[in-house]
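Open the model in your viewer and keep the selection tool at hand. The tour goes from the whole chain to a group of side chains.

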Amino acid sequence: MLESLTSGTMAGAGSFRCQRCGYVLTLAASDALSDCPGCGGQSFVRASLFSVGRLGRENMEPEPQESLAHDAELLAEARTHIEQAGEYLLYEEDGETTLVALTREWTRVGRSLAADIRFDDPTVSRRHALLVRQPDGVRVLDDRSLNGVFVNGERVEWRVLEDGDEIVVGRYRLHFLSVTSESVLSGSQRRTGLNTAS
C-alpha cells in the first residue's frame with residue numbers, strides 16, 4: 001500500500017502523484033509539497049515519472065464554476081488594459097495580476113534569475129518553458145522541466161497557442177491573449193489595479 005502525503009509535507013526528493021487528478025510533481029530534498037497545480041488537491045502518493053501516462057483533460061475533474069467565471073472576468077478586464085495589438089501573458093501571483101507583452105522572439109519562464117518571467121517556487125524548474133514568437137504564431141515549449149508544461153489541461157512538449165489558452169507552469173496558471181488591432185479598446189477605458197510589463 002502506498003503512503004499518502006499531504007501538501008505542506010517535507011516529503012524528500014522524488015516524484016509525487018496527486019491522488020485526485022494524477023498530476024506529477026518532482027521535488028528536491030528541501031522542497032515541501034505544494035497544493036496540486038492541476039486541481040488544487042492536497043493528497044499525494046510517491047510515484048515514478050516512468051510509470052505515469054500523459055495527463056489529459058479527460059483525467060482531470062472539471063474546474064469549479066467559480067474558477068471558470070473568475071478566469072473569464074480576469075481575461076475580460078485584462079483586455080480593457082491593452083492599448084496595442086499583440087500577444088500577451090496574464091497571470092496572478094500573491095493576489096496581484098500581471099500582464100506581460102510578448103515583444104521578443106524568445107521569452108523564458110522559470111525559476112532562474114535569467115528568466116524573463118520568473119517564479120521563485122519549487123514547483124517551477126529553473127528553465128521551465130519557452131514562448132517563441134514566429135510569423136505563423138506563438139508556441140510554448142517545455143524546456144526540459146521536471147513537472148511539465150500543460151496547455152488547457154494536457155501535458156505538452158510544444159503547442160501553438162490560441163487566444164484564451166491556459167498554460168500551467170508548476171503551480172502557476174498563465175493565460176495567453178492574442179489581441180488584434182480591431183479589438184483594442186481605447187486608452188480612456190483603462191482601469192487601475194493591473195501590473196503591466198514588457
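The stops below start with the overall fold and end at the aromatic rings.

**Whole chain.** Show everything as a cartoon; this is a predicted model. The protein has 16 strands and one helix. Of its 198 residues, 44% are buried. Among contacts between residues at least 6 apart in sequence, 48% join residues at least 24 apart.

**Aromatic pairs.** How many aromatic pairs does a search of the whole structure find? There are two.

**Tyr91 and Phe119.** Tyr91 belongs to strand β5 (residues 86–93), while Phe119 sits in the loop between β8 (117–118) and β9 (129–134), 28 residues apart from it in the chain. Tyr91 is buried, at 9% relative accessible area. Phe119 is buried too, with a relative accessibility of 0%.

**Phe119 and Tyr172.** Tyr172 is in strand β15 (residues 172–179), and 53 residues separate Tyr172 from Phe119. Both Phe119 and Tyr172 are buried.

**Last view.** Select Tyr91, Phe119 and Tyr172 together: the three form one aromatic cluster.

Definitions and conventions. Residues are numbered from 1 along each chain as its sequence is written. This is a predicted model: local features need pLDDT of at least 70, side-chain atom pairs count only at pLDDT 80 or more; totals for chains, interfaces and linings use all residues. Side-chain values use heavy atoms; hydrogens and water are left out. Helices (H or I, at least four residues) and strands (E, at least two) are DSSP runs, numbered from the N terminus. Buried means under 20% relative accessible area, exposed over 50%, partly exposed in between (1.4 Å probe, protein chains only). Contact means heavy atoms within 4.5 Å. Rings of Phe, Tyr and Trp (its six-membered ring) pair if their centres lie within 6.5 Å; planes under 30 degrees apart count as stacked, over 60 as edge-to-face and the rest as tilted.
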